[in-house]
Amino acid sequence: MKWNSMSELIEGLPDAVAIRCIAWVPFYFHPRLELVSRSWQAVIRSPELFKARQELGSAEDLLCVCAFDPENLWQLYDPLRDLWITLPVLPSKIRHLAHFGVVSTSGKLFVLGGGSDAVDPLTGDQDGSFATNEVWSYNPVMRQWSQHTSMLVPRAMFACCVWNGKIVVAGGFTSCRKSISQVEIYDPEKDVWIPMPDLHRTHNSACSGVVLEGKVHVLHKGLSTVLVLDSAGSGWTVEDHGWLQGPMAVVQGAIYVMSHGMIFKQEGKTSKVVVSASELRRRIDFAMTALGDEIYVIGGVIGPDRWNWDIKPMSDVDILTVCCERPTWRQATPMTRCRGTILGCTQLRI
């Protein structure tokens, strides 16, 4: 990286020290810092600043959220300042991309696969494909989307998680809605996909992935059994943990599930009630995720029911603090642009 040699970043300080000073400035303020000078803009968009933030412990944990409306738009939530940041639109040619995998690693947001059920409003034709192998990443330092090496197999509604800094994708459905058992792993540094041992069999249901105690767990909707990848990545075993079915979040290594209007904590094969979530019972298609020691319930839709057949898109954010004697709910600032069914949600450290 080359700075403007005619001026120091901060008068009287070596640039290396100045960068470490700038690294303490919150992420949301970075666009304004770029207006100081071309040298400052170069610093704000540099890997050196990102590295300094990690080393100093000034990196921030943000939430990334994408909803049905508007299409292919992501927002970041800053929990310390309770505000939303809107990203540039994902430049995929697929309209209303959905059923994709989303994770973050190496300081970037990754959106993988998925497809669209969109219909052209003028012709009524299917406007897109059900499953794609596209891989996109958003770099919050450069503030831009980039396309990467495609997955080996197009897939939608699949398990996706980060394992040892690499991205594992498993199962789901490929073109023509065919269920698949293939598993592959992505190395973000080398930009390559490598096949891994297949799942034992295909299942005609969507699946999700979670990493617990250093192992990848694949959960299929409607099944009590869980597929677990051994620590060497050489094969899968079938385990029956008796976990409840429902939206799930992992807080500091513990599993929390929303079921029948309650939040439960899974302890071995038993489920312990943590707190009521009765006010959220009418809400569907929301995201439930963890950030720090809190659970976030984001967006979704209300209805219909026997009294009201309207569907109301939501932008609300409800937060549950679970790591305390009395878990309590509170509300955050609603999403400013996104609303309705949540298509993707993950944590990003920047």
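These legends go with close-up views of a predicted model. Local features need pLDDT of at least 70 and side-chain atom pairs count only at pLDDT 80 or more, while totals for chains, interfaces and linings use all residues. Residues are numbered from 1 along each chain as its sequence is written, and side-chain values use heavy atoms, with hydrogens and water left out.

**View A. The largest nonpolar core has 21 residues.** A nonpolar core is a set of buried Ala, Val, Leu, Ile, Met, Phe, Trp, Tyr and Cys residues joined through side-chain atoms within 4.5 Å; buried means under 20% relative accessible area (1.4 Å probe, protein chains only). Trp-74, Leu-76, Phe-100, Leu-109, Val-111 and Trp-145 touch the most other members. Strands (E, at least two residues) and helices (H or I, at least four) are DSSP runs, numbered from the N terminus.

**View B. Here's the buried side of helix H1 (residues 15–22).** Its buried residues are Ala-18, Ile-19 and Ile-22. Seen down the H1 axis, they fall within an arc of 100 degrees (taken from the directions from the axis to the C-beta atoms), so they line one face of the helix. Their cover includes helices H2 (30–33), H3 (38–44) and H4 (47–56), counting contacts as heavy atoms within 4.5 Å.

**View C. Four strands make an open, antiparallel sheet in the order E3-E2-E1-E29.** Two strands pair if DSSP finds at least two bridges between them. At the edges sit E3 (83–86) and E29 (339–349), each pairing on one side only. E1 and E29 pair over eight bridges, and Leu-62 stands opposite Leu-348 in E29.

Definitions and conventions. Buried < 20%, exposed > 50% of the residue type's maximum accessible area, 1.4 Å probe, protein only.
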